Amino acid sequence: MSSRRRPQHWLWAAALLASTPAFALQTIDARDGVSVEAIISTREPTRIRIEGAPISDIFGNIYSSNCAAASGTATPAAPAVNSSGEIVLECDRDKGEVYVRPVGTASKPINLFVSSANATYTLLLRQSDMPADTIVIRDKTARLARVDGTPPGPAGRSSSHIRSLKSLLIAMASDRVPTDVRVDEVHQPRALWAEATFTLMRLYAGRGLIGEKYQLTNVSMAPMVLAEQEFDREEGNVLAVSIENLNLRPGESTTVYVIRAGS
């Protein structure tokens, strides 16, 4: 991890955009393995689709789903009814789209993984009291790949490998860890930025992956806007990064999940 905080002028612009009212269509630029924020209605269903590709899979803390009967389209990652679930999922099998609605009124953002045949997008869904809306996921890298014939994403990222990454991340976030994954309590401070404390809380090892759960606290006097891109993906075989809360006021903390290649 870098010990110097990178310039934040472009991050402040992102914060301003995030504070603007939601419109009837949200088009978000995304790419495989990077979290992006979107707004969903608290009371109404929100439609999600991928530009130029049908949705093939949905993975998250699903409360209930009608997707089990879908053949070759979105499938639920949870039982039909999951009392601790955060979101209701419905699939439009013909159009390759899904509709989501949050359960309850918790202010915590909802993490949802949305997959096409070529990529998996990590959505950080924040709730707002607004009318029904549509989220369009636009992947410029996938569009360029179709033009030049190069498959998107890092070489060798099979669908089973992506599922393993998602499975470990969900296990880390929900504290429901499979028996074949070892968990070690660490609680070690790590150097990051002068504006933040960064503590490694837990280590997860198994299935050829190493998971790291950190707590990051904003110790400065100014709001802090975070992005996964600030954590160097090439250092230490980092495969995925997910941040629970991208916006921190002074004194606030968030959880950062890092997954690396392991033996």
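Residues are numbered from 1 along each chain as its sequence is written, and side-chain values use heavy atoms, with hydrogens and water left out. Because the model is predicted, local features need pLDDT of at least 70 and side-chain atom pairs count only at pLDDT 80 or more, whereas totals for chains, interfaces and linings use all residues.

Helices (H or I, at least four residues) and strands (E, at least two) are DSSP runs, numbered from the N terminus. Two strands are taken to pair if DSSP finds at least two bridges between them. An open sheet is formed by 6 strands. Their order is S1-S10-S3-S7-S6-S5, and the pairing is mixed. S1 and strand S5 (62-65) stand at the edges. Each has a single partner strand, so one side of each lacks a neighbour in the sheet. On average, neighbouring strands of this sheet are turned by 25° against each other, direction ignored. Here axes are lines fitted to C-alpha atoms, for helices over the stretch in contact, and angles run from 0 to 180 degrees between N-to-C directions. Within the sheet, S3 and S7 pair in the antiparallel sense over 3 bridges. Val 98 in S7 is the bridge partner of Ile 48.

Salt bridges were assigned where a side-chain nitrogen of Lys or Arg lies within 4 Å of a carboxyl oxygen of Asp or Glu. The count is 8 salt bridges. One of them joins Arg 138 to Asp 29, with the closest N and O atoms 2.7 Å apart. Arg 138 lies in strand S10 (residues 133-138) and Asp 29 in strand S1 (residues 25-29), so the pair ties together parts that are 109 residues apart in sequence. For accessibility, buried means under 20% relative accessible area, exposed over 50%, and partly exposed in between (1.4 Å probe, protein chains only). Arg 138 is partly exposed at 26%. Asp 29 is also partly exposed, at 41%.

A further salt bridge links the side chains of Arg 47 and Glu 97 (2.8 Å, N to O). Arg 47 belongs to strand S3 (residues 46-50) and Glu 97 to strand S7 (residues 97-102), so this pair ties together parts 50 residues apart in sequence. Arg 47 is partly exposed at 23%. Glu 97 is buried at 8%. Asp 184 and Arg 182 also meet in a salt bridge (3.2 Å, N to O). Asp 184 is partly exposed at 31%, whereas Arg 182 is exposed at 51%.

Strand S17 (residues 253-261) has 7 of its 9 residues buried, so it is largely enclosed by the rest of the structure. Strand S13 (residues 209-218) runs antiparallel to S17, joined by 9 bridges. Thr 217 has Ser 253 in S17 as its bridge partner. S15 is joined to S17 by 5 bridges, again antiparallel. Val 241 is bridged to Val 258 in S17.

On a 1 Å grid over the protein atoms alone, a cavity is a set of points where a 1.4 Å probe fits but cannot get out, and lining residues have an atom within 4 Å of a point. Grid points are joined across faces, edges and corners, and a volume is the space filled by probe spheres set on the points. There are 2 cavities of 30 Å³ or more. Strand S9 (120-128), helix H3 (159-174) and strand S15 (238-243) each supply at least two lining residues. By class, the lining has 8 nonpolar, 5 polar and 3 charged residues. Ala, Val, Leu, Ile, Met, Phe, Trp, Tyr, Cys and Pro count as nonpolar, Asp, Glu, Lys and Arg as charged, and the others, Gly among them, as polar.

Methods. On a 1 Å grid over the protein atoms alone, a cavity is a set of points where a 1.4 Å probe fits but cannot get out, and a pocket is an open set with protein on both sides within 12 Å along at least five of seven lines; lining residues have an atom within 4 Å of a point.
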